[in-house]
Protein chains: 2
Amino acid sequence: MKHQISVVTLGVRDLARSRRFYIEGFGWKPVFENEEIVFYQMNGLMLGTWLRQELEKDMQRDDLVTPGAFSLAHNVASRDDVQPIIEQLARFGGRILRSADAPVHGGFRGYVADPDDHAWEIAWNPAWSIDEQGHVTFGL
Amino acid sequence: MKHQISVVTLGVRDLARSRRFYIEGFGWKPVFENEEIVFYQMNGLMLGTWLRQELEKDMQRDDLVTPGAFSLAHNVASRDDVQPIIEQLARFGGRILRSADAPVHGGFRGYVADPDDHAWEIAWNPAWSIDEQGHVTFGL
């Protein structure tokens with residue numbers, strides 16, 4: 001099978017609150033939205049923010065909880081970009097989990113929870129290349 | 001900021017059990033692994049499966065729970081591929097949440113939970129294009 005993730009869907013409680021974080025905090029533009037979902041075109045995949053109860057109905061389960069055992073990362077080109085973006089996200093409904101510092105495995109990173117407590121790592125990782133379309137390639 | 005997700009990291013309890021699902025179930029090949037993490041190169045981003053307590057330490061929180069309010073999707077080229085992949089994943093440690101059927105918004109999809117209860121949607125979506133590198137573009 002192709003090594004492929006086509007969509008990351010986050011369950012949200014309040015679409016307006018979530019929109020503010022992604023549109024004003026990250027500065028991303030939706031490619032589609034209605035009263036229950038917003039889609040953002042990312043680097044070779046989609047990000048969807050969907051009302052949690054609709055996601056639960058689609059999955060046929062009703063027991064989703066937060067904070068889930070996962071994180072999403074947004075990599076930036078410079079170490080100096082990391083902390084300002086974390087602070088920007090906190091101004092638009094995010095909550096800082098960890099201010100930026102240097103992990104033992106290299107680079108520089110911090111974490112912010114979105115308004116639904118989904119964790120975003122904001123990272124500078126000089127070992128991984130990012131092309132002009134934002135496609136990330138593993139490297140050591 | 002770039003519309004970019006560089007990594008999806010899933011917290012796992014047992015790396016061997018998780019490896020079996022991703023390597024034998026999906027048939028994906030790691031680009032890096034050690035005793036706490038496995039990385040897979042995906043379509044313009046990385047998938048990481050990391051011991052949950054290490055992810056928690058990195059986030060500086062210790063309250064991650066499952067099943068989280070999110071899903072990942074893997075899109076396939078044909079409607080006929082959806083259910084066989086769901087069944088294949090179930091043979092390697094997955095648990096079927098919803099067998100494939102047609103949602104009101106079109107296409108064909110079902111859901112499987114990985115061994116750590118992270119949900120994967122397996123979907124055929126004829127409205128979204130997938131190029132040879134697996135990059136997905138929104139379309140209606």
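Let's begin with Asp116(B), which counts as buried because its relative accessibility is 5%, under the 20% cut-off. Keep in mind that this is a predicted model. What does the side chain of Asp116(B) meet? It meets the side chain of Arg17(B) in a salt bridge, at 3.1 Å from N to O. This pair ties together distant parts of the chain: Arg17(B) belongs to helix α1 of chain B, Asp116(B) sits in the loop between β7 and β8 of chain B, and they are 99 residues apart. Arg17(B) is partly exposed, with a relative accessible area of 36%.

How many salt bridges turn up over all chains? A search of the whole structure finds 18. The general idea is simple: side chains of opposite charge can pair when their charged atoms come close.

| Pair | N to O distance | Accessibility of each partner |
| Arg17(B) and Asp116(B) | 3.1 Å | Arg17(B) 36%, Asp116(B) 5% |
| Glu33(B) and Arg19(B) | 2.7 Å | Glu33(B) 37%, Arg19(B) 30% |
| Arg61(A) and Asp63(A) | 2.8 Å | Arg61(A) 11%, Asp63(A) 35% |

Now to Glu33(B) and Arg19(B), whose closest N and O atoms are 2.7 Å apart. Glu33(B) is in strand β2 (residues 30-33) of chain B and Arg19(B) is in helix α1 of chain B, so this is another link between distant parts of the chain, with the two 14 residues apart. Glu33(B) is partly exposed, and Arg19(B) is partly exposed as well.

What stands opposite Glu33(B) in β3(B)? That is Val38(B). β2(B) and strand β3 (residues 37-41) of chain B run antiparallel and are joined by 3 bridges. Together, β2(B) and β3(B) make a hairpin, with 3 residues between them.

**Helix α3 of chain B**

Which residues are buried in helix α3 (residues 79-91) of chain B? They are Val82(B), Ile85(B), Ile86(B) and Leu89(B). Looking down the axis of α3(B), you'd find these buried residues within an arc of 105°, so they line one face of the helix.

What do the buried residues of α3(B) pack against? Their neighbours in chain B are α1 (15-25), β6 (95-101), β7 (108-113) and β8 (119-124). On the face turned away from the buried side, α3(B) carries the exposed residues Asp80(B) and Arg91(B).

The ends of the helix are worth a look too. Ser78(B) caps the N-terminal end of α3(B), with a side-chain oxygen 3.0 Å from the backbone nitrogen of Asp80(B). After α3(B) comes Gly93(B), which has a positive phi, near 100°.

**How confident is the prediction?**

For chain A, the mean pLDDT is 96, and 99% of its residues reach 70 or more. The model scores ipTM 0.97 and pTM 0.97.

Definitions and conventions: Residues are numbered from 1 along each chain as its sequence is written. Chains are lettered from A and ligands numbered from 1 in the order in which they are written. This is a predicted model: local features need pLDDT of at least 70, side-chain atom pairs count only at pLDDT 80 or more; totals for chains, interfaces and linings use all residues. Side-chain values use heavy atoms; hydrogens and water are left out. Buried means under 20% relative accessible area, exposed over 50%, partly exposed in between (1.4 Å probe, protein chains only). Helices (H or I, at least four residues) and strands (E, at least two) are DSSP runs, numbered from the N terminus. The arc is that of the directions from the helix axis to the C-beta atoms. Contact means heavy atoms within 4.5 Å. A polar contact is a pair of N or O atoms within 3.5 Å; within protein, one must be able to donate a hydrogen and the other to accept it, and residues adjacent in sequence count only if both atoms are side-chain atoms. A salt bridge is a side-chain nitrogen of Lys or Arg within 4 Å of a carboxyl oxygen of Asp or Glu. pLDDT is the predictor's confidence in each residue, from 0 to 100. Two strands pair if DSSP finds at least two bridges between them.
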